[in-house]
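Hi everyone, thanks for coming.

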Amino acid sequence: MENIIGKRLTQLREERGWTKTYTAEKLGIKTMSTYANWEYGIRTPDSEMLTKIADLFDVSTDFLLGRTNVRNQNTADKELEELMKDPKFMAAYHDYPGTPGEARKDLIRFLKFIKERDDDKQGKRED
């Protein structure tokens, strides 16, 4: 069986440049080996700890479990909400009503790309 939780934990931890020991401490775990066993797929965190991990890394438990590739639907929704305030993009979104999570995330990335491109053309972008 594939160790999706372990792969996701490793990915999220390494993205932040954290050690296993530091991550275990942030989660309130007394020994690093408990956390390491989750990454290695030897053990899996219980549901309470899974929620704590999701909160720490700002992802959903569904992402940790491999049920979705959308890290945090709330974040995706907030990004979409910001884009929807721009009337130029409102029409584009209406072409994709009820889009499932991953396609919706792709749409957000696409709309951001177009907005940044337009802002660059108009000299509005601040980098």
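Let's start with Trp18, which is buried at a relative accessible area of 19%. Buried here means under 20% relative accessible area, exposed means over 50%, and partly exposed is in between, with a 1.4 Å probe and protein chains only. Keep in mind that this is a predicted model, where local features need pLDDT of at least 70, side-chain atom pairs count only at pLDDT 80 or more, and totals for chains, interfaces and linings use all residues. Residues are numbered from 1 along each chain as its sequence is written, and side-chain values use heavy atoms, with hydrogens and water left out.

Now, the rings. A pair of aromatic rings is described by the distance of the centres and the angle of the planes. The rule used here is that rings of Phe, Tyr and Trp (its six-membered ring) pair if their centres lie within 6.5 Å; planes under 30 degrees apart are stacked, over 60 edge-to-face, and the rest tilted. We have 3 aromatic pairs in this structure. Take Trp18 and Tyr22: their ring centres are 5.3 Å apart and the planes are at 70°, so this pair is edge-to-face. Tyr22 itself is partly exposed, at 37% relative accessible area.

The charged end of Arg16 sits over the Trp18 ring, 5.9 Å from its centre. To count, NZ of Lys or CZ of Arg has to be within 6 Å of the ring centre and within 35 degrees of the ring normal. Elsewhere, Arg8 has its charged end over the ring of Phe63, 4.0 Å from the centre.

Back to Arg16, which is partly exposed at 31% relative accessible area. Arg16 also forms a salt bridge with Glu15, with the closest N and O atoms 3.9 Å apart. By salt bridge I mean a side-chain nitrogen of Lys or Arg within 4 Å of a carboxyl oxygen of Asp or Glu. The structure holds 4 of those.

So which residues are linked in a network of salt bridges? They're Arg13, Glu14 and Glu39. Within that, Arg13 and Glu14 have their closest N and O atoms 3.9 Å apart. Arg13 is buried, at 7%, whereas Glu14 is exposed, at 52%.

One more bridge: Asp62 meets Arg67 at 3.5 Å, N to O. Here Asp62 is partly exposed at 30%, and Arg67 is exposed at 65%.
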